[in-house]
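Here is a friendly briefing to read alongside the chain on your screen. Please keep the viewer open as you go through the points.

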Amino acid sequence: MPDDLGGRLLAATLVSAQQVAEAARSRMPLAPALVEGGLDEFILESFLRGEGYQSDDALNPTHDALARLPSGVAQRLWALPLRMEEEGLVVAMADPSDAHTTRELSLISGALLVPRVALVSELRAALDRAYPDYVPSPDDDEPDITFELTRPRTPASGLNRDATPPDEDDFVPLLRPKGNGSAAT
């Protein structure tokens, strides 16, 4: 069975190869692009629920949950953080089976993710309510990885920063010097 949503929907004969190809060319994640291209959102949600993903009765996010995802990321990935639970951050998504997106959301939010499926139209409306001041920018198309590059690093345990460096005699050369073919001593 194919791993990606488009392949699974193709295998279930819910979409055509042309629909998947057109959706893949769009600037949206695959699930909302497929709905925009004609896939019934109720069929999509039912399909994902049949794969074991739960839905929430209402898409009412808490302030704590919203603070875990920047608006640009939530809007770009079609992911609405709902609340923190013991298992992790509950996030409503158009496609909770998208492993790449769930990993990105987990990294950015700093929490384990509990993905839930949502109807595309309800998710869009809830995202617009949750982030009313959001204005799309060209940067929204790029993943937000700056946090990874600027996160403060802690030294490895047991590292003594005040220790003196080893003597030059303690180093072993890994390459032989070029020359007349005789080994250096």
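A residue is called buried under 20% relative accessible area, exposed over 50% and partly exposed in between, using a 1.4 Å probe and protein chains only. By that rule Asp40, with a relative accessible area of 36%, is partly exposed. This is a predicted model, where local features need pLDDT of at least 70, side-chain atom pairs count only at pLDDT 80 or more, and totals for chains, interfaces and linings use all residues. Residues are numbered from 1 along each chain as its sequence is written, and side-chain values use heavy atoms, with hydrogens and water left out.

**Overall layout**

- The chain has 9 helices and 3 strands; these are DSSP runs numbered from the N terminus, with helices being H or I of at least four residues and strands E of at least two.
- Along the sequence, the pattern reads α-α-α-α-α-α-β-β-α-β-α-α.
- Of the 185 residues in the chain, 35% are buried.
- Taking contacts (heavy atoms within 4.5 Å) with a separation of 6 or more, 63% come from residues 24 or more positions apart.

**The nonpolar core**

- A nonpolar core is a set of buried Ala, Val, Leu, Ile, Met, Phe, Trp, Tyr and Cys residues joined through side-chain atoms within 4.5 Å.
- The largest such core holds 43 residues, and Leu9, Leu44, Leu80, Leu105, Leu123 and Tyr131 have the most contacts inside it.
- Beyond its neighbours within four places in sequence, Tyr131 is in contact with Leu66, Leu69, Pro70, Ser71, Ala74, Gln75, Leu80 and Pro81.

- Helix H4 spans residues 41–50, and its buried residues include Leu44, Phe47 and Leu48.
- Viewed down the axis of H4, the buried residues fall within an arc of 160 degrees, so they line one face of the helix; the arc is taken from the directions from the helix axis to the C-beta atoms.
- Helix H1 (5–11), helix H3 (30–36), strand S3 (113–117) and helix H8 (120–130) are among the elements covering those buried residues of H4.
- Asp40 sits in the loop between H3 and H4, and one of its side-chain oxygens reaches to within 2.7 Å of the backbone nitrogen of Phe42 at the start of H4.
- Asp40 and Val120 are 80 residues apart in sequence, and 9.7 Å apart in space from C-alpha to C-alpha.

- Strand S2 (residues 88–93) and S3 pair in the parallel sense over 5 bridges, where pairing requires at least two bridges found by DSSP.
- Leu89 stands opposite Leu113 in S3, and 4 of the 5 residues of S3 are buried.
- S2, H7 and S3 form a right-handed β-α-β unit: with the strands pointing away from the viewer, the path from the first strand over the helix to the second runs clockwise.
- Thr102 belongs to helix H7 (residues 99–109) and is buried, with a relative accessible area of 16%.
- Not counting residues up to four places away in sequence, Thr102 touches Met93, Pro96, Leu113 and Pro115.

**Positive phi angles**

- Most residues other than glycine have a negative phi.
- Thr13 has a positive phi near 55 degrees; this residue lies in the loop between H1 and helix H2 (17–25) and is exposed at 66% relative accessibility.
- Trp78 also has a positive phi near 55 degrees, but Trp78 is buried, with a relative accessible area of 10%.
- The loop holding Trp78 runs between helix H6 (71–77) and strand S1 (79–85).

How values were computed
Polar contact = N/O pair within 3.5 Å; in protein donor to acceptor, adjacent residues only side chain to side chain.
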